[in-house]
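Welcome, and please take a moment to look over the sequence and the model before reading on. The notes after it are meant as a friendly first tour.

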Amino acid sequence: QLQASGGGLVQAGGSLRLSCAAFGSIFRINNMGWYRQAPGKQRELVAGISSGGSTNYADSVKGRFTLSSDNAKSTVSLRLNSLKPEDTAVYYCYGKIQPFGFPSFFEYWGQGTQVTVSS
């Protein structure tokens, strides 16, 4: 249901873009965004965006990361600027999606994509 792309290896101060596309039998999307998990740490929310366009960010990425959405294409993109070594993690796309024929929303996860920032 969710296909993530992007990520890679970049030097500190560099930029990357992550994209996530929702596909399949989608009736409505409540929100989408990205979590990340660094080695030995818990998964944490990086950024999320609601269907109305409201965004929220982890304090650690505010001012550096920007999340945008294309509702017509059911995609979200995360622009990562001014990357730091501590941003190194596996990034996971998520979405709260209501499939056709179902009364409820379900949480879906994309495959993780590695972001590595070298110092």
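## Ground rules

This is a predicted model, so to speak of its details some limits apply: local features need pLDDT of at least 70, side-chain atom pairs count only at pLDDT 80 or more, and totals for chains, interfaces and linings use all residues. Residues are numbered from 1 along each chain as its sequence is written, and side-chain values use heavy atoms, with hydrogens and water left out.

## The chain as a whole

The protein chain has 0 helices and 11 strands. Here helices (H or I, at least four residues) and strands (E, at least two) are DSSP runs, numbered from the N terminus. Read from the N terminus, the elements run β-β-β-β-β-β-β-β-β-β-β.

How does the radius of gyration fit the chain length, and what is it? For 119 residues a compact globule would have a value near 14 Å, and the protein chain has 14 Å, which agrees. That radius is taken over C-alpha atoms, and the globule rule is 2.2 Å times the number of residues to the power 0.38. Along the principal axes, the C-alpha atoms fill a box of roughly 50 × 25 × 20 Å.

Buried residues make up 38% of the 119 residues. Buried means under 20% relative accessible area, exposed means over 50%, and partly exposed lies in between (1.4 Å probe, protein chains only). As for contacts (heavy atoms within 4.5 Å), 55% of those between residues at least 6 apart in sequence join residues at least 24 apart.

## Aromatic rings

A pair of aromatic rings is described by the distance of the centres and the angle of the planes. Rings of Phe, Tyr and Trp (its six-membered ring) pair if their centres lie within 6.5 Å; planes under 30 degrees apart count as stacked, over 60 as edge-to-face and the rest as tilted. The structure holds 5 aromatic pairs. In one of them, the ring centres of Y35 and Y94 are 5.2 Å apart and the planes stand at 75 degrees, so this pair is edge-to-face. Because Y35 belongs to strand 4 (residues 26-37) and Y94 to strand 9 (residues 89-99), the pair ties together parts that are 59 residues apart in sequence. Y35 is partly exposed, at 24% relative accessible area, whereas Y94 is buried, at 9%.

Y94 also pairs with W109 in a tilted arrangement, 5.9 Å centre to centre with 45 degrees between the planes. This pair links distant parts of the chain, with W109 in strand 10 (residues 106-109), 15 residues from Y94. W109 is partly exposed, at 35% relative accessibility. Y35, Y94 and W109 form one aromatic cluster.

## The nonpolar core

A nonpolar core is a set of buried Ala, Val, Leu, Ile, Met, Phe, Trp, Tyr and Cys residues joined through side-chain atoms within 4.5 Å. Which members of the largest core touch the most other members? Of its 29 residues, these are L2, W34, V46, F65, L78 and Y91. At least two core residues come from each of several strands, including strand 1 (2-6), strand 5 (44-50) and strand 11 (113-118). Leaving out neighbours within four places in sequence, Y91 is in contact with residues including L18, W34, V46, F65 and V115.

S77 lies in strand 8 and is buried, at 17% relative accessibility. A polar contact of 3.5 Å joins the side chains of S77 and S19. Such a contact is a pair of N or O atoms within 3.5 Å; within protein, one must be able to donate a hydrogen and the other to accept it, and residues adjacent in sequence count only if both atoms are side-chain atoms.

N31, found in strand 4, is buried at 18% relative accessibility. Its side chain has a polar contact of 2.5 Å with the side chain of N30.

L16 sits in strand 3 and is buried at 12% relative accessibility. Between L16 and S69 there are 53 residues of sequence separation and 16 Å in space, C-alpha to C-alpha.
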